[in-house]
Amino acid sequence: MLNGVDLIIVGAGFYGATLAERVATKLGRRVLVIDRRAHIGGNAYTETDAATGVEIHRYGPHLFHTSNKDVWDYLRAFTRFTSYRHRAFSSYRDQVYSLPINLATICQFFGRRFSPDQARAMIAEQASELGDRPPANLEEKAISLIGRPLYEAFIRGYTAKQWQTDPRELPPQIIARLPVRYTFEDGYFNDRFQGQPLEGYTAIFEKMLAHPLIETRLGVDFFDIKGSIPKNMPIAYTGAIDRYFDYAEGDLGWRTIDIEFEHMNTPDHQGTAIMNYADEAVPYTRIVEFRHFNPERDLSREKTLIGREFSRFARRGDEPYYPIDTRADQKIYDRYQTRARQGADNTHFGGRLGTYRYLDMHQAIGAALKAFETVFVPYFEGRLDTVSARSRPA
Ligand code: FAD
Ligand code: UDP
């Protein structure tokens, strides 16, 4: 399996597939990609549901969006995109509100018409409880953005279900991902480029990995073959960093999601792709109805497929999805990073699991393109001794 291989990549997600494609295409090197799962695509993997024809996102809904033109141009070599623009809603106390919080949400929630200036003034007044102090955690950040009443309705319960961690322990940047708008613009993302891949996500990976210099082996766990890998073989590892070091510095906090899939005997269960449930009493965080991601397709008129998402802490052996990244986690991660830098192995850590960072797809691709230029090109041109020089993307 290792004969003639120039680089081993652990993980066939966006980070691993992008790196493999670049190294094979641009440098003409032989790449072996392994993944312990039975399929390529990492968490972005999709497949067709036989009963309805809809595309299931097996590990949770994936929506492509970016403002990075290089990433957009790169990915379009492997797929065309539909014109899908994501909108979401939140159900709270038996009402349905538009998300992310925008002027329509504010008017509906407070039961009257607000101009942008009036809404801004009201939220500024509500946010003033923090004084001049910069927000130190998710709760304070949310209150600084939307005030306490909207925070308590739409964020507190949902975040408690999603993270099972006190919002005052969570980093402020989690909530900074959600835009807040003083207009009636209700698109979920602000990005310039958005859409769903016309033939699904898995088809992108099939094209990326189709290069004759890339061999992909599925159902292979890195830790089962590690002992047989020659000492100086360069490795790009996109699995969990704590697992790599056998948890020697402690377990990093990860969150995982259980999705309960169900076929419903109706063509349309909820009229939209994603409905969040803000009430803490509802056990799931949201319901995804997959058909709405592909309105351009001709799908079953009798049935629809939904997924209810339940979030929980990941134990060892679960699929780690989201880094929780509390202050304690950051200290543990720093120690792993030190080990990664000092390690004698010729190993590069990349991707969401390898760098303990919540990366969207475009960020994982962007980070891999950058690592290709700054680590792998110099390495294969003999200007770097190892690929382990840098780990967490700048
Ligand atoms: P992954 O896709 O996780 O790939 C890592 C791969 O490594 C996996 O296939 C794993 O099996 C393999 N692996 C791990 N350990 C080993 C081992 N020991 N041996 C062999 N193989 C191993 N991004 C967006 O842009 N938009 C979205 O809407 C969006 N929604 C998301 C929803 C959910 C529920 C989740 C979990 C993520 C979402 N993302 C979204 C993020 C997106 O999934 C990531 O950006 C992307 O998957 C990162 O790619 P990656 O290659 O770093 O990691
Ligand atoms: N969030 C919330 N209510 C919502 C949607 C999001 O409180 O209806 C919070 C939650 O803490 C979430 C964060 O905002 O983790 C970022 O939202 P996003 O949709 O990016 O969620 P994720 O990618 O974490 O699923």
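Colleague: By class, how many nonpolar, polar and charged residues does the shell around ligand 2 have?

Modeller: Eight are nonpolar, four are polar and one is charged. Keep in mind that this is a predicted model.

Colleague: Which residues are the closest to ligand 2?

Modeller: The closest are Ile155, Tyr158, Thr159, Arg177 and Asn276. In total, 13 residues surround this ligand.

Colleague: And which helix gives the most to that shell?

Modeller: Helix 5 does, with five residues.

Colleague: Now ligand 1. Which residues come nearest?

Modeller: Gly11, Gly13, Gly42, Gly60 and Gly351. They belong to a shell of 34 residues.

Colleague: How does the shell around ligand 1 divide by class?

Modeller: There are 17 nonpolar residues, 11 polar ones and six charged ones.

Colleague: Let's zoom out. How many helices and strands does the protein chain have?

Modeller: The chain has 12 helices and 16 strands.

Colleague: What about its overall dimensions?

Modeller: Along the principal axes, the C-alpha atoms fill a box of roughly 70 × 55 × 35 Å. The radius of gyration is 22 Å. A compact globule with 394 residues would have a value near 21 Å, so the two agree.

Colleague: How much of the chain counts as buried?

Modeller: 39% of the 394 residues.

Colleague: And what share of the contacts comes from residues 24 or more positions apart?

Modeller: Such pairs make up 76% of the contacts with a separation of 6 or more.

Colleague: Which domains does the assignment give?

Modeller: Domain 1 is 7-40 + 209-249 + 324-380, and domain 2 is 106-176. Their C-alpha centres lie 37 Å apart.

Colleague: OK, the core. Which residues of the largest nonpolar core touch the most other members?

Modeller: Ile9, Leu19, Ala20, Val31, Val33 and Leu209. The core has 81 residues. Helix 5 (residues 138-163) provides the largest share, 12 residues.

Colleague: Why does this core lie between domain 1 and domain 2?

Modeller: Because both domains give residues to it.

Colleague: Which residues are in the second core?

Modeller: That one is separate and has eight residues, including Val54, Ile274, Ile287 and Val288.

Colleague: Back to Leu19. What does leucine 19 touch?

Modeller: Setting aside residues up to four places away in sequence, leucine 19 touches Ile9, Ala236, Ala368, Ala371, Phe372 and Phe376.

Colleague: Take alanine 371 from that list. Where is its place?

Modeller: Alanine 371 sits in helix 12.

Colleague: Is alanine 371 buried or exposed?

Modeller: Buried, because it has 25 C-beta neighbours inside 10 Å. Leaving out residues up to four places away, alanine 371 touches Leu19, His348, Gly350 and Phe376. Lysine 303 is 68 residues away along the chain, and the two C-alpha atoms are separated by 44 Å.

Colleague: Switching to the backbone. Which residues does a cis peptide bond join?

Modeller: Leucine 99 and proline 100, with omega about -10 degrees. Proline 100 is in the loop between strand 7 (95-99) and helix 3 (103-110). Most peptide bonds are trans.

Colleague: What is phi for arginine 93?

Modeller: Near 45 degrees, a positive value in a residue other than glycine. Arginine 93 is in the loop between strand 6 (88-92) and strand 7.

Colleague: And tyrosine 356, what phi does it have?

Modeller: Tyrosine 356 has a positive phi of about 45 degrees, and it is not a glycine. Its loop runs between helix 11 and helix 12.

Colleague: Is tyrosine 356 buried or exposed?

Modeller: Tyrosine 356 counts as buried, because it has 26 C-beta neighbours inside 10 Å. Arginine 93 has 7, so it counts as exposed.

Colleague: Last one. Where is leucine 130 found?

Modeller: In the loop between helix 4 (116-127) and helix 5. Leucine 130 has 13 other C-beta atoms within 10 Å, so it is partly exposed. Beyond its neighbours within four places in sequence, leucine 130 is in contact with Pro135, Glu140, Ile143 and Ser144.

Notes
Residues numbered from 1 in each chain as written. Chains lettered and ligands numbered in written order. Predicted model: local features only at pLDDT ≥ 70, side-chain atom pairs only at ≥ 80, totals over all residues. Near = placed C-beta within 6 Å. Nonpolar A, V, L, I, M, F, W, Y, C, P; charged D, E, K, R; others polar. Helix = DSSP H or I, 4+ residues; strand = E, 2+ residues; numbered from the N terminus. Rg over C-alpha atoms; globule rule 2.2 N^0.38 Å. Buried ≥ 20, exposed ≤ 12 C-beta atoms within 10 Å, placed from the backbone. Contact = placed C-beta atoms within 7 Å. Core = buried A, V, L, I, M, F, W, Y, C linked by C-beta atoms within 7 Å. Domains from an automatic or database assignment.
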